[in-house]
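Have the structure open and follow along.

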Amino acid sequence: MAYIITRLCVDCKDTACADVCPVECIYEYKGDDKSWPNQLYINPDECIDCTNCEPACPWRAIFEEDEVPGLFGPDTELNYKMAENAGDFEVATIQKGAAPTEDQIAGNFAKYDYEP
Ligand code: SF4
Ligand code: SF4
């Protein structure tokens, strides 16, 4: 089991998750394939289930694998696909951003038809 980053992370400029990960298993894509969404990814093979990242994510984009909402199912596959293409990824650089407002978080949920 592992934690998974979903599309709720897309275009996020914060890396609060990576800042609290004790094993540096949260990555950013560094390749040329534009089909990879602009988000961070957890390498499920390296995640030790410490739980730190889930509450640290201001956009509530991280879920335990068993609890990923159904409409984000493909995102679980993307995190695993990241592990298969690890050579195109680097450990995420920490770059702190401003915390989103509740309205911004709700707007991001609505963008993906997600109702927690
Ligand atoms: S659960 Fe822990 S080890 Fe796994 S990605 Fe999150 S912070 Fe890293
Ligand atoms: S803290 Fe959340 S939204 Fe920010 S980079 Fe990590 S997973 Fe994405």
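This is a predicted model: local features need pLDDT of at least 70, side-chain atom pairs count only at pLDDT 80 or more; totals for chains, interfaces and linings use all residues.

- Three strands make an open sheet, ordered β3-β2-β5, with antiparallel pairing; helices (H or I, at least four residues) and strands (E, at least two) are DSSP runs numbered from the N terminus, and two strands pair if DSSP finds at least two bridges between them.
- At the edges sit β3 (40-42) and β5 (89-91), each of which pairs on one side only.
- From one strand to the next, the twist averages 40°; axes here are lines fitted to C-alpha atoms, for helices over the stretch in contact, and angles run from 0 to 180 degrees between N-to-C directions.
- As background, strands of a sheet pair through backbone hydrogen bonds, either parallel or antiparallel.
- Strand β2 (residues 26-29) pairs with β3 in the antiparallel sense over three bridges, and E28 stands opposite L40 in β3.
- β2 is also joined to β5 by three bridges, again antiparallel, with Y29 opposite F89 in β5.
- In a regular strand the side chains alternate between the two faces of the sheet.
- On β2, I26 and E28 point one way while Y27 and Y29 point the other way, and all are buried (buried means under 20% relative accessible area, exposed over 50%, partly exposed in between, using a 1.4 Å probe and protein chains only).

- Is N79 buried or exposed? N79 is buried, with a relative accessible area of 0%.
- The N79 side chain reaches the backbone oxygen of D75 at 2.8 Å. That's a polar contact, defined as a pair of N or O atoms within 3.5 Å; within protein, one must be able to donate a hydrogen and the other to accept it, and residues adjacent in sequence count only if both atoms are side-chain atoms.
- Leaving aside residues up to four places away in sequence, N79 touches I4, I5, Q39, Y41, I42 and P44.

**Aromatic pairs**

- The structure holds nine aromatic pairs; rings of Phe, Tyr and Trp (its six-membered ring) pair if their centres lie within 6.5 Å, and planes under 30 degrees apart count as stacked, over 60 as edge-to-face and the rest as tilted.
- W36 and Y41 have ring centres 5.3 Å apart and planes at 90°, so this pair is edge-to-face. Both W36 and Y41 are buried.
- Y41 also pairs edge-to-face with F89, at 5.5 Å centre to centre and 80° between the planes.
- Because Y41 lies in strand β3 and F89 in strand β5, that pair ties together parts 48 residues apart in sequence.
- Put together, ring pairs link Y29, W36, Y41 and F89 into a cluster.
- K81 lies over the face of W36, 5.0 Å from the ring centre; a charge sits over a ring if NZ of Lys or CZ of Arg is within 6 Å of the ring centre and within 35 degrees of the ring normal.

- The loop between β3 and α2 (53-56) is where you'll find D49, which has a positive phi of about 60° although it is not a glycine.
- D49 is partly exposed, with a relative accessible area of 31%.
- T51 is found in the loop between β3 and α2 too, and its phi is near 80°, a positive value in a residue other than glycine.
- T51 is partly exposed, at 40% relative accessible area.
- P55 lies in helix α2 and is exposed, with a relative accessible area of 68%.

Definitions and conventions
Residues are numbered from 1 along each chain as its sequence is written. Chains are lettered from A and ligands numbered from 1 in the order in which they are written. Side-chain values use heavy atoms; hydrogens and water are left out. Contact means heavy atoms within 4.5 Å.
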